[in-house]
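At each stop, select what is named and compare the picture with the description.

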Amino acid sequence: MAKNPDGKKIAVVGGGISGVSAAKMLSKAASVTVYEQYSKIGGLIRCDLLEEGLYHKLGGHVFNTKSPAVAEWFWAHFDKEKEFHQLTRDARILFGSHLMGYPLENHLYQLPEATIKAVTGELLAKVARGREAAPANFKEALLNIFGPTLCETYFFPYNEKIWRTDLATIPTGWLEGKLPMPDVAEILQSNILRRAETSMVHAKFYYARENGSQFVIDRLAEGLDIRLSSPVRNLQRVTGGKWMLNGNQEELYDSVVYTGDIRSLPGLLPEADSLSAMERIKGLRTRGITNVFCECDPTTVSWLYLPDRHLAANRIIYTGAFSPANNQKTDRMTCVVEFVYGEDEAAIERDIKQLPGNLRRLAINHVRDAYVIQEQDTREQIATIKSWAHEQGIYPLGRFGEWEYYNIDKAIEAGLILANADAFE
């Protein structure tokens, strides 16, 4: 049977992990063209190889998954043993000059005695109260699980620093799979047994031996028709229900997979303005990041979280610990220090000097939109828009297309769901 007996043509807008993965899946039964606005694919997982080492431009992206379907699809394209390191997450939290284990609730024994007593009392009081009402938002969920002392010590300052928003406006559904949700028995057992966290998806992870996450997307892109430096500025429905991009009548498509920012759809599709939900999503918020690539002292730590409100930085990702190939110098390593977008340059310089590891700044990258921020009705709004768009033959996908906090595994999973939908069979 021919690969594409019906001559179906699909355009994919965006050459990040969501777009390239979906294009790879869909190319088995259709002719697929990827339109990437920049001169290099990668999106959120893009890396640049500098003289000093591998620079993750938007954090340190790794791969693991709890989905058998995602694992099967991913490893069909790679040699797990030869091309990847398998690593155990060694994350820490910096309190003053003291490094604590992560997650915090598994390492309460490392806290000061007075803090331990306060936390223990709150956990026992939680047991005494019995079943509690379901939390209405992120802030309530943190308080319900961990109690006020741990929240004031770590969870509130760290998350407020990252999200720069009232935690009470973030829905609890956003937490699924992103934060350990232990009960009191699990917390106590973890501390008595000194047991490491194993339930989080990245407790163990895979990382490419060469070129990091850029290696992943470059491999998945092999054999695809990718148009670089090709931003999509207009989508137009033409006779026969086909889609025309940027007014090019020579190439028409049966459907469009859109992995760009869903807030931009009204500008691409003027008729979408008639949908009331479209006007509402224009106000959806993101959180940008400024990543500073640094040289540092060697360490086995993979992530270092920085809850101290006096520090502008929120975490250090020691990408140099993920693979020796990420470092060009034998006596030093590399890392990425993450700040909120728009942070004052003086604060950045101050933190680089104060943070552990004798950091030396090598490069800096500013990204206005990196993380999506959900509010109580965000998923309902997005579902309405996706339903309308699907009827038109447009399929929003990915972190910004679906307004979900996708990492590599979740981006691939969303692509698999889309590729197996009736519209693409």
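The stops below take in a pair of helices, a loop, another helix and a strand.

Before starting, note that this is a predicted model, in which local features need pLDDT of at least 70, side-chain atom pairs count only at pLDDT 80 or more, and totals for chains, interfaces and linings use all residues. Residues are numbered from 1 along each chain as its sequence is written, and side-chain values use heavy atoms, with hydrogens and water left out.

**First stop: two helices**

Select residues 113-129, which form helix α4, together with residues 138-163, which form helix α5; helices here are DSSP runs of H or I with at least four residues, strands are runs of E with at least two, and both are numbered from the N terminus. Two packed helices are described by the angle between their axes and the distance between the axes. The axes of α4 and α5 come within 8 Å and cross at roughly 160°, where axes are lines fitted to C-alpha atoms, for helices over the stretch in contact, and angles run from 0 to 180 degrees between N-to-C directions. The two helices are therefore roughly antiparallel to each other, a term used for angles over 145 degrees.

Now colour the residues that meet, contact meaning heavy atoms within 4.5 Å. On the α4 side they are T115, A118, V119, E122, L123 and K126, and on the α5 side they are N144, I145, F146, G147, P148, T149, L150 and T153. By class, this contact has seven nonpolar, five polar and two charged residues, with Ala, Val, Leu, Ile, Met, Phe, Trp, Tyr, Cys and Pro counted as nonpolar, Asp, Glu, Lys and Arg as charged, and the others, Gly among them, as polar.

**Second stop: the loop**

Next, select N137, which lies in the loop between α4 and α5. N137 counts as buried because its relative accessibility is 10%; buried means under 20% relative accessible area, exposed over 50%, and partly exposed in between, with a 1.4 Å probe and protein chains only. The side chain of N137 reaches the backbone nitrogen of K139 at 3.1 Å, and a polar atom of that side chain lies 3.4 Å from the backbone oxygen of A168. Leaving aside neighbours within four places in sequence, N137 is in contact with L167, A168, I170, T172 and Q376.

Move on to residues 212-221, helix α7, which is largely enclosed by the rest of the structure because nine of its ten residues are buried. Among the buried ones you can pick out F215, V216 and R219. Just after α7, select G223, which takes a positive phi of about 85°.

**Last stop: a strand**

Which residues does N291 touch, not counting those up to four places away in sequence? Select N291 in strand β14, residues 285-296, and you will find Y55, H56, K57, L58, G59, V336, V337, E338, A363, I364 and N365 around it. N291 counts as buried because its relative accessibility is 0%, and a polar atom of its side chain lies 3.3 Å from the backbone oxygen of K57.

Finish with G288, which is also placed in β14 and counts as buried, at 7% relative accessibility. Although G288 and R368 are 80 residues apart along the chain, their C-alpha atoms are separated by 4.3 Å.

Note on methods. Polar contact = N/O pair within 3.5 Å; in protein donor to acceptor, adjacent residues only side chain to side chain. Parallel < 35°, antiparallel > 145°, perpendicular 65-115°, else oblique.
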